[in-house]
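Subject: Structure for you to look at

Dear colleague,

I am passing on the structure we talked about, together with some notes on what turned up when I went through it. Please open it alongside this message.

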Amino acid sequence: MFIHVVARRVFIAALLVGLAASRASAQFEFAGSWAPIGTEDVQNDSVPVDYLGLALTDEARTRALTYDESQKSMIERQCAGWGAAYLVLGPFGLRVSSQIDPVTNRVVSYTIGAWEDWNEMVIWMDDRPRPSEHALHTQAGFTLGRWEGGALAARTTHVKAGFIRKTGVPLTDQATIDWRIFRHGDVLTVLMVATDPVYLVEPEIVSKSFRLSRTPLDYRAGCVTGYEGREPGDAVPHYGPDQNPFIDEFVKLYHLPKEAVLGYPETLYPEYRKKIKDTYVPPPPCSESCGAAGNFVLRR
Amino acid sequence: MRISRAATTLVVTLLLTLVQLATIHAQQRGGGPARSARDSAPIDLTGYWVSYVTENWRYRMVTPAKGEYRRIPSSRAALPIINAWDPAADERAGNQCKSYGAGNIMSVPGRLHITWQDADTLRIETDAGTQTRLFHFSPSSASALRTWQGESTATWEPAPGADGGSLRVVTSNLRAGYLRKNGVPYGERATVTEHFDLAPLAANGKLLLVTTIVEDPEYLTGPYVVSPHFKKEPDGSKWDPTPCSSTW
């Protein structure tokens with residue numbers, strides 16, 4: 001009888017070990033500090049009208065052109081931060097922690113730590129139901145994740161209406177963002193596929209790579225508001241239709257085609273390259289800041 | 001009798017557990033009976049793919065200014081080459097394919113046609129520059145001749161204990177080339193490591209992500225990492241072979 005009970009318990013234990021081993025083996029260690037590699041360029045932060053690499057609707061383009069970056073000087077907007085997409089658009093690395101259920105020892109969630117202008121993102125791994133569509137929408141949104149084919153796949157919904165570029169390209173609260181995170185050795189690649197039924201004709205797809213950092217990263221810095229030239233009660237800075245003074249700045253700086261700078265969908269495909277081949281005039285040789293691997297392009 | 005049956009159950013259970021763990025371990029190591037690379041492929045990369053240029057647009061879709069190498073960790077040794085870039089001279093010397101080598105070819109906007117050349121060789125053709133890359137899963141005799149696409153060794157990396165996985169390709173024996181059209185160099189000693197991953201898109205679409213790591217002891221101070229991506233196309237109706245160009 002005693003042996004029988006032992007055998008049954010061993011059987012159950014072995015089954016659990018086997019299941020746990022197979023489940024755990026489909027995953028990689030995501031928690032840790034991941035430093036940005038920064039050799040790819042997505043958004044040229046300092047140019048106000050830069051929608052390169054985006055497939056915008058006319059409405060999105062029109063609205064983006066009304067955006068004045070001085071809005072961020074308004075005291076009530078200084079700490080608004082940026083939305084979930086800024087995870088791969090911003091210059092920072094990732095500080096990832098895992099939250100473990102002490103009873104089952106399973107990962108309940110991963111948390112990607114906040115930066116000074118980006119709220120932390122929680123990726124729930126416990127199959128919890130997605131909130132009602134009427135639930136609170138936030139900058140970080142609500143993200144559910146699962147392991148799939150050796151990658152961490154996640155979907156973010158419930159985002160607050162905001163921007164998908166710091167240049168004022170808008171995103172609605174109906175947007176969804178699909179993430180797929182791949183780890184190859186010490187390199188982590190985060191793939192973002194953002195869709196928006198109102199402002200994007202095609203998804204914005206961005207991939208950004210990070211390298212495992214032995215030094216823990218910590219970008220936490222409380223946002224402190226201060227006077228930046230805007231008085232409380234001032235109107236929201238903006239440009240009227242056809243009045244954005246920066247509409248040609250990026251075009252002139254690098255001799256870029258205007259339709260590419262303004263985010264027309266055709267500009268994302270190889271056919272467009274062939275279309276502009278005979279009319280494109282290269283910019284003059286680079287004379288300053290030609291090799292800085294920084295986040296900013298040169299503004300003249 | 002009861003003790004004997006219980007003991008048998010115990011032994012069988014332990015054996016089953018060991019077999020299961022051994023299987024998982026073997027999968028993790030890529031072990032198991034020898035099957036061809038084609039038969040053991042954890043993901044299907046074959047078909048036509050088109051570049052979807054949402055990153056590095058300014059460096060890929062148009063030719064950047066001479067002398068600009070932002071975001072590339074070029075070494076001091078690379079600077080004279082960058083500043084001396086002369087596309088006409090490249091053209092005259094028959095080097096118009098320098099920016100179509102393995103260090104940059106996946107970033108060149110265009111289409112890929114991926115097929116199995118044989119059971120252990122994956123073939124990638126590009127319509128931009130009409131290049132052909134061969135990924136060898138089994139040892140192949142290395143050529144003494146350096147080429148734009150070099151020698152590529154491929155390995156499947158199945159997702160342990162799950163469907164899916166990734167393709168890892170290491171390429172060396174390269175002819176010196178450019179990381180960008182405007183003459184930012186990589187040398188003959190460069191190594192290109194690539195990871196091919198798939199992701200789903202809406203409406204049964206597929207995305208191919210190629211994380212590319214270029215290391216070069218001569219012209220780079222650190223790894224140059226980019227991750228161009230491609231959308232799956234239903235057929236080759238948009239395939240448009242164009243020759244290499246040193247200016248465009």
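The notes below cover the disulfides, then the cavities, and then one threonine.

Please bear in mind throughout that this is a predicted model.

Disulfides

Over all chains, the count of disulfides comes to three. In chain A, where the bonded cysteines pair in the pattern 1-2, 3-4, C79(A) is joined to C223(A) with the sulfur atoms 2.0 Å apart, and the torsion of -85° about the S-S bond makes this link left-handed. C79(A) sits in the loop between helix 2 (58-65) and helix 3 (86-89) of chain A, while C223(A) sits in the loop between strand 11 (204-212) and helix 4 (249-254) of chain A, so the bond ties together parts that are 144 residues apart in sequence. Both ends are partly exposed, C79(A) with a relative accessible area of 37% and C223(A) with 38%.

The other pair in chain A is C286(A) with C290(A), at an S to S distance of 2.2 Å; the torsion about their S-S bond is about -110°, and therefore this disulfide is left-handed. Here C286(A) is buried at 18% relative accessible area, and C290(A) is buried at 14%.

In chain B, C97(B) and C244(B) form a disulfide with their sulfur atoms 2.0 Å apart, and with 100° about the S-S bond this link is right-handed. Because C97(B) lies in the loop between helix 4 (87-92) and strand 2 (111-118) of chain B, and C244(B) in the segment after strand 12 (229-233) of chain B, the pair ties together parts 147 residues apart in sequence. C97(B) counts as buried at 14% relative accessibility, as does C244(B) at 12%.

Helix 2 (57-60), strand 7 (177-180) and strand 11 (224-226) of chain B each give two or more residues to the lining, which by class has seven nonpolar, five polar and four charged residues.

A buried threonine

T126(B), in strand 3 (residues 121-126) of chain B, is buried, with a relative accessible area of 4%. A polar atom of the T126(B) side chain lies 3.0 Å from the backbone oxygen of A128(B). Leaving aside neighbours within four places in sequence, T126(B) is in contact with I105(B), R111(B), L112(B), Q131(B) and W239(B).

With best wishes

Key:
Residues numbered from 1 in each chain as written. Chains lettered and ligands numbered in written order. Predicted model: local features only at pLDDT ≥ 70, side-chain atom pairs only at ≥ 80, totals over all residues. Heavy atoms only, no water. Helix = DSSP H or I, 4+ residues; strand = E, 2+ residues; numbered from the N terminus. Nonpolar A, V, L, I, M, F, W, Y, C, P; charged D, E, K, R; others polar. Buried < 20%, exposed > 50% of the residue type's maximum accessible area, 1.4 Å probe, protein only. Polar contact = N/O pair within 3.5 Å; in protein donor to acceptor, adjacent residues only side chain to side chain. Contact = heavy atoms within 4.5 Å. Disulfide = S-S within 2.5 Å.
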